[in-house]
Amino acid sequence: MNISDKIKELQENLPCGVKLVAVSKTHSIGSIEQAYACGQRIFGENKVQELSEKYAALPKDIEWHFIGHLQSNKVKYLAPFVSLIHGVDSLKLLAAINKEAYKNNRAIDCLLQFHIATESSKFGLSLGEARNILESTDYKTFRNVNIVGVMGMGTFTNNIVQTTQEFKALGNIFKILKAEYFADSPNFAEVSMGMSGDYQIAIDHGATMVRIGSTIFGHRSYC
Ligand SMILES: *Cc1c(COP(=O)(O)O)cnc(C)c1O
């Protein structure tokens with residue numbers, strides 16, 4: 001199947017309320033244009049340089065999501081245009097986003113990334129670390145970031161039981177944070193989980209955003 005067919009199939013099969021982030025990292029401008037022609041408007045990238053180049057080259061009604069590990073000193077390149085930063089995993093990074101968003105006279109939507117996988121290589125907060133951020137005096141002064149939900153990556157495994165547990169855990173973290181800190185914030189609504197190999201499980205356990213790359217665009221030669 002080509003890119004257009006894949007996008008159409010996903011658009012038809014994803015439940016309404018679940019947003020599709022088409023993960024276009026490593027793929028060409030031409031591939032993104034094919035998905036765009038089918039109505040896809042949300043694209044995810046994990047490298048600052050690559051995202052900036054694609055932003056410059058492509059239509060301005062695309063919502064660009066940054067899904068990678070973001071270094072504080074690179075936030076300035078994304079701050080003028082990024083729609084959502086999925087991987088916020090420290091107060092330092094959140095402070096940098098707030099500062100750069102302020103310079104651009106805007107507020108930037110962010111997700112807190114949680115470590116739900118068994119792989120230690122994956123980034124993310126624990127619930128306690130997230131509470132420390134949300135209760136910090138610094139955070140309370142931030143006017144230019146909106147935390148709109150949570151994000152996580154499951155373990156790379158075929159073990160459905162394990163993946164299910166990890167996604168349930170992220171769903172629980174979302175509910176706890178919602179109750180403790182965001183009960184009055186309707187914007188805190190997103191659970192970003194699920195990739196090509198596990199998005200069905202993620203949807204079954206409350207994902208509102210799935211990040212799908214290789215199913216749409218084919219295999220990547222590097223990542
Ligand atoms: C690459 C990537 C994806 C997409 O992975 P696929 O398996 O190609 O669907 C999703 N989320 C993050 C954070 C990624 O880096």
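Reader: Which hand does the crossing of H1 and H2 have?
Author: Keep in mind that this is a predicted model. Ile3, Ser4 and Ile7 of H1 make the contact with Ser31, Gln34 and Ala35 of H2. As for its hand, the crossing of H1 and H2 is right-handed.

Reader: Is H1 parallel, perpendicular or oblique to H2?
Author: The axes of H1 (residues 3-13) and H2 (residues 29-37) come within 8 Å and cross at roughly 45°. Roughly parallel would need an angle under 35 degrees, and roughly perpendicular one of 65 to 115. That makes the relation of H1 to H2 oblique.

Reader: How many charged residues does the contact of H1 with H2 have?
Author: On the H1 side we have Ile3, Ser4 and Ile7, and on the H2 side Ser31, Gln34 and Ala35. Sorted by class, that contact has 3 nonpolar and 3 polar residues, and the number of charged ones is: no charged residues.

Reader: Is Thr26 buried or exposed?
Author: Thr26 sits in the loop between strand S1 (19-23) and H2. Thr26 isn't a glycine, yet its phi is positive, about 75°. Buried means under 20% relative accessible area. Thr26 has 19% relative accessibility, so it counts as buried.

Reader: And Asn105, buried or exposed?
Author: Asn105 is another non-glycine residue with a positive phi, near 60°. You'll find Asn105 in the loop between helix H5 (91-103) and strand S5 (108-114). The cut-off for exposed is over 50%. At 71% relative accessibility, Asn105 therefore counts as exposed.

Reader: How far apart are the end C-alpha atoms of H8?
Author: Helix H8 covers residues 160-181, which is 22 residues. At 1.5 Å a residue, H8 should span 32 Å. The model agrees with that, because the end C-alpha atoms of H8 are apart by 31 Å.

Reader: What separates the C-alpha atoms of Lys6 and Phe217?
Author: Lys6 lies in helix H1. Leaving out residues up to four places away in sequence, Lys6 touches Met1, Thr215 and Ile216. Phe217 is 211 residues from Lys6 along the chain, and their C-alpha atoms are separated by 8.3 Å.

Methods: Residues numbered from 1 in each chain as written. Predicted model: local features only at pLDDT ≥ 70, side-chain atom pairs only at ≥ 80, totals over all residues. Heavy atoms only, no water. Axes fitted to C-alpha atoms, helices over the stretch in contact; angles between N-to-C directions. Helix = DSSP H or I, 4+ residues; strand = E, 2+ residues; numbered from the N terminus. Parallel < 35°, antiparallel > 145°, perpendicular 65-115°, else oblique. Left-handed = near helix turned anticlockwise from the far one by under 90°. Contact = heavy atoms within 4.5 Å. Nonpolar A, V, L, I, M, F, W, Y, C, P; charged D, E, K, R; others polar. Buried < 20%, exposed > 50% of the residue type's maximum accessible area, 1.4 Å probe, protein only. Expected span 1.5 Å × (residues − 1).
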